[in-house]
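These are my notebook entries from a reading of one structure. I set down what I looked up, in the order in which I looked it up.

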Amino acid sequence: MTITLLKRPAIRFLPGAWLSIFLGFTFALCSTIAAAENLQAKNEIIDLMLCYGEGTDTFGEPGNPDAFLDGLEIYEGCFTEDAIFNLWPAGTDFDDAPLVTVIGPFNWAQNIVDPGVPRNPETGLSISRGQHMLSNFLVETKGRTGTLTAYLSATRTVFDPNPVNPVTGLVTNVSVATGTYTLHVEKVDGKWMANQLDLKLISFADYFTTD
(Lines give C-alpha, C1' and ligand atoms only; values in the text may rest on other atoms or scores of the structure.)
Protein backbone atom coordinates (compact mmCIF):
# COMPACT_ATOMS: atom_id res chain seq x y z
CA MET A 1 0.00 0.00 0.00
CA THR A 2 2.85 2.35 0.80
CA ILE A 3 4.46 1.70 -2.55
CA THR A 4 1.17 2.36 -4.35
CA LEU A 5 0.63 5.66 -2.56
CA LEU A 6 4.13 6.82 -3.43
CA LYS A 7 3.73 5.95 -7.11
CA ARG A 8 0.36 7.57 -7.69
CA PRO A 9 1.48 11.20 -7.17
CA ALA A 10 4.39 10.64 -9.53
CA ILE A 11 2.12 9.14 -12.19
CA ARG A 12 -0.36 11.98 -11.87
CA PHE A 13 2.29 14.73 -11.68
CA LEU A 14 4.21 13.94 -14.86
CA PRO A 15 1.31 14.27 -17.35
CA GLY A 16 0.22 17.51 -15.67
CA ALA A 17 3.71 18.97 -15.91
CA TRP A 18 4.05 18.11 -19.57
CA LEU A 19 0.59 19.52 -20.27
CA SER A 20 1.54 22.82 -18.64
CA ILE A 21 4.75 22.98 -20.64
CA PHE A 22 2.89 22.17 -23.87
CA LEU A 23 0.19 24.75 -23.25
CA GLY A 24 2.76 27.38 -22.33
CA PHE A 25 4.77 26.66 -25.45
CA THR A 26 1.64 26.75 -27.63
CA PHE A 27 0.50 30.05 -26.13
CA ALA A 28 3.94 31.60 -26.62
CA LEU A 29 4.09 30.32 -30.21
CA CYS A 30 0.62 31.71 -31.01
CA SER A 31 1.57 35.05 -29.47
CA THR A 32 4.77 35.16 -31.51
CA ILE A 33 2.92 34.34 -34.73
CA ALA A 34 0.26 36.99 -34.01
CA ALA A 35 2.93 39.59 -33.25
CA ALA A 36 4.78 38.73 -36.47
CA GLU A 37 1.58 39.00 -38.52
CA ASN A 38 0.74 42.34 -36.90
CA LEU A 39 4.23 43.66 -37.61
CA GLN A 40 4.00 42.51 -41.23
CA ALA A 41 0.64 44.23 -41.65
CA LYS A 42 2.01 47.47 -40.22
CA ASN A 43 5.04 47.36 -42.50
CA GLU A 44 2.85 46.74 -45.56
CA ILE A 45 0.59 49.66 -44.64
CA ILE A 46 3.58 51.95 -44.09
CA ASP A 47 4.82 50.90 -47.53
CA LEU A 48 1.52 52.20 -48.98
CA MET A 49 2.26 55.64 -47.52
CA LEU A 50 5.80 55.55 -48.88
CA CYS A 51 4.36 54.43 -52.23
CA TYR A 52 2.26 57.58 -52.37
CA GLY A 53 5.29 59.77 -51.65
CA GLU A 54 7.33 58.05 -54.35
CA GLY A 55 4.52 58.34 -56.88
CA THR A 56 3.94 62.03 -56.15
CA ASP A 57 7.63 62.84 -56.55
CA THR A 58 7.75 60.87 -59.81
CA PHE A 59 5.19 63.17 -61.47
CA GLY A 60 7.79 65.94 -61.33
CA GLU A 61 10.77 63.88 -62.46
CA PRO A 62 12.93 66.20 -64.62
CA GLY A 63 13.72 65.03 -68.13
CA ASN A 64 11.16 62.23 -68.06
CA PRO A 65 8.51 62.60 -70.80
CA ASP A 66 6.60 59.66 -69.28
CA ALA A 67 6.58 61.09 -65.76
CA PHE A 68 2.77 61.23 -65.56
CA LEU A 69 2.30 57.62 -66.63
CA ASP A 70 5.12 56.43 -64.38
CA GLY A 71 3.71 58.28 -61.37
CA LEU A 72 0.20 57.02 -62.08
CA GLU A 73 1.46 53.44 -62.32
CA ILE A 74 2.95 53.78 -58.84
CA TYR A 75 -0.33 55.19 -57.50
CA GLU A 76 -2.30 52.31 -58.98
CA GLY A 77 -0.09 49.86 -57.12
CA CYS A 78 -1.18 51.21 -53.73
CA PHE A 79 -4.65 52.76 -54.22
CA THR A 80 -7.99 51.22 -55.19
CA GLU A 81 -9.64 52.53 -58.37
CA ASP A 82 -12.33 54.37 -56.40
CA ALA A 83 -10.04 55.71 -53.67
CA ILE A 84 -11.11 59.03 -52.13
CA PHE A 85 -8.61 61.90 -51.87
CA ASN A 86 -9.44 64.75 -49.48
CA LEU A 87 -7.46 67.98 -49.18
CA TRP A 88 -7.52 70.66 -46.49
CA PRO A 89 -5.22 73.50 -47.69
CA ALA A 90 -3.15 75.43 -45.17
CA GLY A 91 -5.27 77.87 -43.19
CA THR A 92 -8.55 75.95 -43.49
CA ASP A 93 -10.43 74.51 -40.52
CA PHE A 94 -9.60 70.83 -40.26
CA ASP A 95 -12.93 70.22 -38.49
CA ASP A 96 -14.81 71.42 -41.57
CA ALA A 97 -15.44 69.33 -44.67
CA PRO A 98 -12.41 69.12 -46.99
CA LEU A 99 -12.11 71.97 -49.48
CA VAL A 100 -11.19 69.50 -52.23
CA THR A 101 -12.43 65.93 -52.76
CA VAL A 102 -11.37 63.83 -55.74
CA ILE A 103 -12.32 60.25 -56.58
CA GLY A 104 -9.73 57.91 -58.07
CA PRO A 105 -5.93 58.09 -58.30
CA PHE A 106 -6.06 59.17 -61.95
CA ASN A 107 -8.24 62.19 -61.20
CA TRP A 108 -6.12 63.11 -58.18
CA ALA A 109 -2.99 62.98 -60.32
CA GLN A 110 -4.52 64.82 -63.27
CA ASN A 111 -6.25 67.61 -61.32
CA ILE A 112 -4.10 68.14 -58.21
CA VAL A 113 -0.64 66.60 -58.37
CA ASP A 114 0.53 66.96 -61.96
CA PRO A 115 -0.70 70.57 -62.47
CA GLY A 116 1.36 71.57 -59.44
CA VAL A 117 4.60 70.61 -61.20
CA PRO A 118 6.32 73.60 -62.90
CA ARG A 119 7.19 72.73 -66.49
CA ASN A 120 9.20 74.18 -69.34
CA PRO A 121 6.60 75.69 -71.71
CA GLU A 122 8.74 74.75 -74.71
CA THR A 123 9.39 71.10 -73.86
CA GLY A 124 6.63 70.30 -71.39
CA LEU A 125 9.22 68.66 -69.13
CA SER A 126 9.44 69.29 -65.40
CA ILE A 127 11.78 72.06 -64.28
CA SER A 128 11.50 71.08 -60.61
CA ARG A 129 12.33 68.32 -58.20
CA GLY A 130 10.14 67.14 -55.34
CA GLN A 131 11.01 65.13 -52.27
CA HIS A 132 8.63 63.74 -49.66
CA MET A 133 9.87 63.09 -46.12
CA LEU A 134 7.41 61.04 -44.04
CA SER A 135 7.69 60.25 -40.34
CA ASN A 136 5.88 59.52 -37.06
CA PHE A 137 3.95 56.59 -38.48
CA LEU A 138 1.04 55.41 -36.34
CA VAL A 139 -0.75 52.33 -37.66
CA GLU A 140 -3.91 50.75 -36.27
CA THR A 141 -5.58 47.68 -37.73
CA LYS A 142 -8.90 45.98 -37.02
CA GLY A 143 -9.58 42.87 -39.01
CA ARG A 144 -9.34 43.67 -42.70
CA THR A 145 -9.27 47.46 -42.31
CA GLY A 146 -6.88 49.97 -40.79
CA THR A 147 -5.62 53.53 -40.64
CA LEU A 148 -2.24 55.20 -40.72
CA THR A 149 -1.26 58.73 -39.76
CA ALA A 150 2.05 60.28 -40.72
CA TYR A 151 3.74 63.66 -40.62
CA LEU A 152 4.61 65.26 -43.94
CA SER A 153 7.46 67.52 -44.95
CA ALA A 154 7.65 67.93 -48.72
CA THR A 155 10.17 70.11 -50.53
CA ARG A 156 10.01 71.26 -54.13
CA THR A 157 12.75 73.16 -55.91
CA VAL A 158 12.34 74.99 -59.22
CA PHE A 159 15.37 75.49 -61.40
CA ASP A 160 16.22 77.55 -64.46
CA PRO A 161 16.30 75.14 -67.42
CA ASN A 162 18.66 77.46 -69.34
CA PRO A 163 20.99 79.07 -66.78
CA VAL A 164 23.60 81.54 -67.91
CA ASN A 165 26.06 79.89 -65.58
CA PRO A 166 25.44 76.11 -65.41
CA VAL A 167 27.39 75.84 -62.16
CA THR A 168 25.70 78.50 -60.00
CA GLY A 169 22.28 80.10 -59.85
CA LEU A 170 20.47 76.97 -60.97
CA VAL A 171 17.71 76.87 -58.32
CA THR A 172 15.21 79.73 -58.56
CA ASN A 173 12.68 78.73 -55.92
CA VAL A 174 12.33 76.42 -52.91
CA SER A 175 8.97 75.75 -51.26
CA VAL A 176 8.12 73.51 -48.33
CA ALA A 177 4.79 71.99 -47.34
CA THR A 178 4.11 70.46 -43.92
CA GLY A 179 1.07 68.64 -42.66
CA THR A 180 -0.49 65.32 -41.73
CA TYR A 181 -1.55 62.38 -43.86
CA THR A 182 -4.28 59.97 -42.79
CA LEU A 183 -4.41 56.83 -44.89
CA HIS A 184 -7.40 54.48 -44.75
CA VAL A 185 -6.67 50.95 -45.90
CA GLU A 186 -8.43 47.65 -46.55
CA LYS A 187 -7.30 44.17 -47.43
CA VAL A 188 -8.25 43.29 -51.01
CA ASP A 189 -7.55 39.75 -52.26
CA GLY A 190 -4.98 39.27 -49.52
CA LYS A 191 -3.20 42.57 -50.21
CA TRP A 192 -3.40 45.81 -48.28
CA MET A 193 -4.60 48.72 -50.43
CA ALA A 194 -5.39 52.36 -49.65
CA ASN A 195 -8.99 53.44 -50.26
CA GLN A 196 -8.79 56.98 -48.86
CA LEU A 197 -6.14 59.64 -48.29
CA ASP A 198 -6.73 62.74 -46.17
CA LEU A 199 -4.15 65.52 -46.51
CA LYS A 200 -4.26 68.34 -43.96
CA LEU A 201 -1.67 71.01 -44.72
CA ILE A 202 -0.34 73.03 -41.79
CA SER A 203 1.78 75.29 -43.95
CA PHE A 204 2.88 75.91 -47.50
CA ALA A 205 5.56 78.55 -47.91
CA ASP A 206 8.40 79.72 -50.13
CA TYR A 207 11.64 79.71 -48.20
CA PHE A 208 13.85 80.93 -50.99
CA THR A 209 13.40 82.62 -54.34
CA THR A 210 15.68 84.55 -56.65
CA ASP A 211 12.82 86.77 -57.80
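**Entry 1: glutamate 76.** I located glutamate 76 in helix 2; helices (H or I, at least four residues) and strands (E, at least two) are DSSP runs, numbered from the N terminus. I found glutamate 76 to be partly exposed, its relative accessible area being 47%. In these notes buried means under 20% relative accessible area, exposed means over 50%, and partly exposed lies in between (1.4 Å probe, protein chains only).

**Entry 2: basis of the values.** I note that the model is predicted, that local features need pLDDT of at least 70 and side-chain atom pairs pLDDT 80 or more, and that totals for chains, interfaces and linings use all residues. Residues are numbered from 1 along each chain as its sequence is written, and side-chain values use heavy atoms, with hydrogens and water left out.

**Entry 3: negative patch.** Which residues form the negative surface patch? I recorded Glu73, Glu76, Glu81 and Asp82. Helix 2 (67–76) and strand 1 (79–88) are the elements that each give two or more residues to the negative patch. Patch residues have over 30% relative accessible area and no salt bridge, and like charges are joined within 9 Å. Asp and Glu count as negative, and the charge is placed at CG of Asp or CD of Glu.

**Entry 4: salt bridge.** The partners are aspartate 114 and arginine 119, with their closest N and O atoms 2.5 Å apart. Aspartate 114 is buried at 17% relative accessibility, whereas arginine 119 is partly exposed at 27%. Side chains of opposite charge can pair when their charged atoms come close.

**Entry 5: proline 65.** I placed proline 65 in the loop between helix 1 (2–59) and helix 2. Proline 65 is exposed, with 65% relative accessible area.

**Entry 6: the whole protein.** I counted three helices and six strands, arranged along the sequence as α-α-β-β-α-β-β-β-β. Of the 211 residues, 32% are buried. Among contacts (heavy atoms within 4.5 Å) with a separation of 6 or more, 59% join residues 24 or more positions apart. The accessible surface is about 13000 Å², with 60% belonging to carbon and sulfur atoms; areas come from the Shrake-Rupley method with a 1.4 Å probe.

Note on methods: Patches are made of residues with over 30% relative accessible area and no salt bridge: like charges are joined within 9 Å, nonpolar side chains (Val, Leu, Ile, Met, Phe, Trp, Tyr) within 5 Å. A salt bridge is a side-chain nitrogen of Lys or Arg within 4 Å of a carboxyl oxygen of Asp or Glu.
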